Amino acid sequence: MATEVLVPTLGESITEATVGEWLKQPGDAVAVDEPIASLETDKVSVEVPSPIAGVMGQHAVKVGDTVEVGAMIATIESGDGAPAKSAAPQPAVTESPAPAPAPAPAPAQGDAAAALSPSVRRAVLEHGVDPSTVKGTGKDGRLTKEDVAAAASTKPATAAPQSAPAAAPAASGGRKEERVKMTRLRQTIAKRLKEAQNTAAMLTTFNDVDMTAVIEARAKYKDLFEKKHGVRLGFMGFFVKAATMALKDIPSVNASVEGDEIVYHDYADISVAVSAPNGLVVPVIRDAQDLSVAGIEKTIGDFGKRAKDGTLKMDEMKGGTFTISNGGVFGSLMSTPIINPPQSAVLGLHRIEERPVVRDGQVVVRPMMYLALSYDHRLIDGREAVTFLVALKNAIEDPTRILIDL
């Protein structure tokens, strides 16, 4: 008897999602609660578990289709998984009937391609790697872009013969295009950022900060810090803590506009932009003003790990009164970050670079970083924006201020 697999509840006010990838193919054995598909919502990916143990039946929808909560997307045939081997070739043969002399390899390639995410599929095409020969290191053994790149770099001998037959299409043009449907997450990011540009009177103010004191403190205490707290001491802990102090002094930077009212917050929920496989996400550090540097670093480390695994929850990305985005980890020297609505300001951090500066009448070389504060000029005046940046700069250049709340 077949059991229907339905789209689960996705979160408050979310009624639909996009099928990101199928983790199980028709004929595969599945266990109870084993993920069989991944759905992409506006913010996170959600895995759909199997309601029973048995054999994967037919897919009712394709990758890229939009499905609503409660919709049937597949069936599971009851059983112990034994029929999986006999059932597997049937859908594969229908997918690739042409290569009659070699039906065995065809299902493996079809199954592998169906389980690849768009970014991995693009990497496979670029590097000319056979995904069925690469061992995945991602969740549940899935391939990642790094796996494909590593396979391409470690197998030059096999890459050469594969490139020979590819010369034929190159002679007829050699220009290729690939159309990949924009993920729901990317669509949401695009929509929200454009709304921010259209709604807010956005302006960016810059300053720079001497990182000498923070770098010295980190070098001196990083081993003891990691031994005691079980997490590495980075720079974000200092910046988040310094930002909460500056927000307390300049409350308008921590406020938001709702209609014709200004909403001030007596707490600092800091949204921290982290990189995920499908785009940038901004989980929120709740009540950051009450956390120590160690508590902040632990929270950020947990967010980063779960963003990579795709296990962040919806509630963890809701709210937020102020955002910090660190483009410096990717090598950015300077940028104008875009506000994350309904917030009114975002702080951009950049790479640390040694530059000549004047100290006490002498030109010296110091590790400097540019800071960028983009803000809604409807609510925040230039004086307040500059005052905020100066307060942040003072705290970073003299970390003792953080300890004594100055």
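This is a predicted model: local features need pLDDT of at least 70, side-chain atom pairs count only at pLDDT 80 or more; totals for chains, interfaces and linings use all residues.
Is the crossing of α10 and α12 left-handed or right-handed? I opened my notebook with that one, and the crossing turns out to be right-handed.

**Entry: the whole chain**

I started by counting. The chain has 406 residues, and 40% of them are buried. I found 13 helices and 19 strands. Then I looked at contacts with a separation of 6 or more: 63% of these involve residues 24 or more positions apart.

**Entry: α10 against α12**

Back to my opening pair. Helix α12 covers residues 382-397, and its axis lies 9 Å from that of α10. The angle between them is about 135°. Angles over 145 degrees would count as roughly antiparallel and 65 to 115 as roughly perpendicular, so α10 and α12 are oblique to each other.

Who touches whom? From α10 I noted Phe238, Phe239, Ala242, Ala243, Ala246 and Leu247. On the α12 side they meet Phe388, Ala391, Leu392, Ala395 and Ile396. I sorted this contact by class and got 11 nonpolar residues, with no polar and no charged ones.

**Entry: α10 against α11**

Helix α10 (residues 236-249) also packs on helix α11 (residues 293-309). I read an angle of about 115° here, with the axes 9 Å apart. This crossing is right-handed too.

On the α10 side I listed Met236, Gly237, Phe238, Val240 and Lys241. Their partners in α11 are Val293, Ile296, Glu297 and Ile300. By class I get 6 nonpolar, 1 polar and 2 charged residues for this contact.

**Entry: a four-stranded sheet**

What is the order of the strands in the open sheet of 4 strands? I traced β1-β8-β6-β3, with antiparallel pairing. At the edges I have β1 (2-6) and β3 (29-30), each pairing on one side only. Strand β6 (residues 54-59) pairs with β3 over 2 bridges. There, Ala29 stands opposite Val55 in β6.

**Entry: Ala273**

I found Ala273 in the loop between β12 (270-272) and β13 (274-276). Is Ala273 buried or exposed? It has a relative accessible area of 18%, and the cut-off for buried is under 20%, so Ala273 is buried.

Skipping neighbours within four places in sequence, I listed its contacts: Leu280, Val281, Val282, Ile324 and Ser325. The C-alpha atoms of Ala273 and Asn326 are 7.2 Å apart, though 53 residues separate the two along the chain.

A reminder first: most residues other than glycine have a negative phi, and most peptide bonds are trans.

Asp33 goes against that, with phi near 65°. I placed Asp33 in the loop between β3 and β4 (35-40). Its relative accessible area is 54%, so Asp33 is exposed.

Asp360 also has a positive phi, about 55°. I found Asp360 in the loop between β18 (353-359) and β19 (362-376). At 82% relative accessible area, Asp360 is exposed.

Last stop was a cis peptide bond, which joins Pro341 and Pro342 with omega about 5°. Pro342 belongs to the loop between β16 (322-326) and β17 (345-349).

Note on methods
Residues are numbered from 1 along each chain as its sequence is written. Side-chain values use heavy atoms; hydrogens and water are left out. Axes are lines fitted to C-alpha atoms, for helices over the stretch in contact, and angles run from 0 to 180 degrees between N-to-C directions. A crossing is left-handed if the near helix is turned anticlockwise from the far one by less than a right angle, and right-handed if clockwise. Contact means heavy atoms within 4.5 Å. Ala, Val, Leu, Ile, Met, Phe, Trp, Tyr, Cys and Pro count as nonpolar, Asp, Glu, Lys and Arg as charged, and the others, Gly among them, as polar. Two strands pair if DSSP finds at least two bridges between them. Angles under 35 degrees count as roughly parallel, over 145 as roughly antiparallel, 65 to 115 as roughly perpendicular and the rest as oblique. Buried means under 20% relative accessible area, exposed over 50%, partly exposed in between (1.4 Å probe, protein chains only).
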